[in-house]
Amino acid sequence: MGDKMIPYNFRGRKIPAYIKSKTQLVAWVLTEFMNDEPISNWEFVAELHCHRFGGIIHNLRQEGYEITTLPSKKRGLVHYFCTKLPATTAAIS
């Protein structure tokens with residue numbers, strides 16, 4: 001594992017080396033998989049080692065990310081997906 005328990009990959013994609021915080025990790029995952037399957041709360045905890053992702057998602061929404069929460073039929077399971085990125089990051093990338 002990398003620093004601060006940042007995993008090396010997620011869903012078969014290598015997590016970039018510049019990602020050093022859980023906030024960067026959650027932002028990268030939501031951006032990278034925008035057009036893919038939504039990310040479940042289980043994946044945040046079990047695969048990304050991100051137990052406080054709810055607060056991070058809240059902060060990312062404050063920054064301009066549009067993140068949709070989809071309840072699942074399975075009790076306690078929730079999925080998240082990003083539908084829009086903040087205008088500032090779109091210009092940088």
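Helices here are DSSP runs of H or I with at least four residues, and strands are DSSP runs of E with at least two, both numbered from the N terminus. By that reading, the protein chain has four helices and five strands. Followed along the sequence, these elements come in the pattern β-β-α-β-α-α-β-β-α.

Before going further, a word on where the numbers come from. This is a predicted model, so local features need pLDDT of at least 70 and side-chain atom pairs count only at pLDDT 80 or more, while totals for chains, interfaces and linings use all residues. Residues are numbered from 1 along each chain as its sequence is written, and side-chain values use heavy atoms, with hydrogens and water left out.

Let's start with the strands. Two strands count as paired if DSSP finds at least two bridges between them. β4 and β5 meet that rule with six bridges, in the antiparallel sense. Their hairpin has six residues between the strands, and G76 takes a positive phi there, near 85 degrees. β5 also pairs with β3: two bridges join them, and they run antiparallel. Y80 in β5 shows up in both pairings, as it stands opposite I39 and is also the bridge partner of T69.

Now for the charged side chains. Side chains of opposite charge can pair when their charged atoms come close. The cut-off used for a salt bridge is a side-chain nitrogen of Lys or Arg within 4 Å of a carboxyl oxygen of Asp or Glu, and the count by this rule is four. One of them joins R11 and E43, with the closest N and O atoms 2.8 Å apart. That pair spans 32 residues of sequence, from R11 in the loop between β1 (9–10) and β2 (13–14) to E43 in helix α2 (residues 41–47).

How covered are these two partners? Burial is judged by relative accessible area: under 20% is buried, over 50% is exposed, and anything in between is partly exposed (1.4 Å probe, protein chains only). R11 comes out at 30% and so counts as partly exposed, whereas E43, at 11%, counts as buried.

Another salt bridge runs between D36 and R13, where the closest N and O atoms are 3.5 Å apart.

K84 is partly exposed at 47%, and E66 is partly exposed at 40%. Through shared partners, salt bridges also join R13, E32 and D36 into one network.

What about the cysteines? C50 counts as buried at 2% relative accessibility, and C82 counts as buried at 2% as well. With a disulfide taken as a pair of cysteine sulfur atoms within 2.5 Å, the structure holds zero of them.

Finally, the whole chain. Buried residues make up 33% of its 93 residues. If a contact means heavy atoms within 4.5 Å, then 42% of the contacts with a separation of 6 or more are between residues 24 or more positions apart.
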